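Please view the sequence and the model together while reading.

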Amino acid sequence: MASFGAHVATWILKHTLKPKLEQAKDAMDVRRLLRPEPFKVPHGVRITPDQIGGVPGEWVEAESSDVTLLYLHGGGYVACSAEVYRGITVGFAQNGLRVFAPDYRRAPEHLFPAAIEDAVAVYRGLPGKIVVAGDSAGGGLALAMLITLRDAGDALPAATVLLSPWTDLAATGNSLVTNDRRCALFHGSQIGTAARFYLGDADPRNPLASPLYADLSGLPPMLIHVGKDETLLDDSTRLADRARAAGVKVELKIWPVVPHVWQLVPALRESRQSLREASRFLLDR
């Protein structure tokens with residue numbers, strides 16, 4: 001059963017941020033709207049700026065760990081940053097992972113595939129045992145990075161976690177229609193338009209832009225968490241089906257009521273539970 005907090009968070013987002021996003025005229029409007037209040041870093045967590053593979057970012061650490069998590073933040077490829085996503089990266093750090101979150105180049109200043117190039121450069125520059133996670137656009141980016149690395153013959157990470165991943169920039173999922181009213185953040189009709197901020201004139205079915213259409217064989221074990229009411233639900237369910245058909249080990253969990261990327265709200269019981277489960281999945285591989 002969903003928590004009272006999940007119901008409240010969904011109601012608030014649906015009646016405040018969702019209408020504003022619907023009226024966004026361009027990528028700069030989206031970037032301005034997706035700028036939450038600063039996150040207060042809890043005692044015992046260390047934030048250290050760094051540059052890996054020529055890409056700036058930050059380490060988030062709470063205890064020593066021999067497993068490094070490369071975390072790729074969401075924001076539709078146009079908004080947000082490693083700092084904005086500390087609600088998630090701190091949670092992973094508190095659950096036993098050493099996290100590096102890069103500030104990859106964003107659209108519209110840097111169109112597809114700039115973000116993929118940055119993610120690959122960071123991955124290749126990280127030491128030790130690596131696992132990967134990402135949310136929303138960052139989830140799609142994580143998959144595009146893995147596909148690029150696989151095709152180049154690089155060693156792949158031990159596991160990957162995808163939180164409400166955006167995998168179909170062609171916007172063909174049925175949940176864009178069926179969940180249009182229920183989703184706390186997005187109207188289905190927005191998704192294809194928002195994709196153009198990142199794609200420019202590129203084909204939305206390019207497998208590196210929309211990993212749903214990619215050959216997924218050979219990818220590492222995958223955990224997917226998504227909300228039942230999200231317009232992007234089918235980006236997760238269809239990805240899970242295609243990955244399993246390609247021989248990838250996949251765990252898919254669909255959560256009731258919660259909004260898109262609810263893990264950003266540490267006060268939610270579902271957020272803490274999701275990050276605990278995701279951390280355990282990554283550390284057990």
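## Ala27 in helix 3

Ala27 lies in helix 3, which spans residues 27-33. The model is a predicted one. With a relative accessibility of 4%, Ala27 counts as buried, because buried means under 20% relative accessible area.

Apart from neighbours within four places in sequence, Ala27 is in contact with Val78, Pro108 and Phe197. Between the C-alpha atoms of Ala27 and Trp166 the separation is 17 Å, and these two residues are 139 residues apart along the chain.

## Helix 1 and its two sides

Helix 1 covers residues 4-15 and has 12 residues. From its first C-alpha to its last, helix 1 reaches 17 Å, close to the 16 Å expected at 1.5 Å a residue.

Ala6, Ala9 and Thr10 are the buried residues of helix 1. They cover an arc of only 100° around the axis, so they sit on the same side of helix 1. Phe4 and Trp11, on the other side of helix 1, are exposed. The packing partner of the buried residues of helix 1 is helix 10.

## Ser274 in helix 10

Helix 10 comprises residues 269-283, and Ser274 has its place there. The relative accessible area of Ser274 is 0%, so this residue is buried.

Residues up to four places away in sequence aside, Ser274 touches Leu163, His225, Trp255, Trp262 and Gln263. With Gln263, Ser274 also makes a polar contact from side chain to side chain, at 3.0 Å.

How values were computed
Residues are numbered from 1 along each chain as its sequence is written. This is a predicted model: local features need pLDDT of at least 70, side-chain atom pairs count only at pLDDT 80 or more; totals for chains, interfaces and linings use all residues. Side-chain values use heavy atoms; hydrogens and water are left out. Helices (H or I, at least four residues) and strands (E, at least two) are DSSP runs, numbered from the N terminus. Buried means under 20% relative accessible area, exposed over 50%, partly exposed in between (1.4 Å probe, protein chains only). A polar contact is a pair of N or O atoms within 3.5 Å; within protein, one must be able to donate a hydrogen and the other to accept it, and residues adjacent in sequence count only if both atoms are side-chain atoms. Contact means heavy atoms within 4.5 Å. The expected span of a helix is 1.5 Å times one less than its number of residues. The arc is that of the directions from the helix axis to the C-beta atoms.
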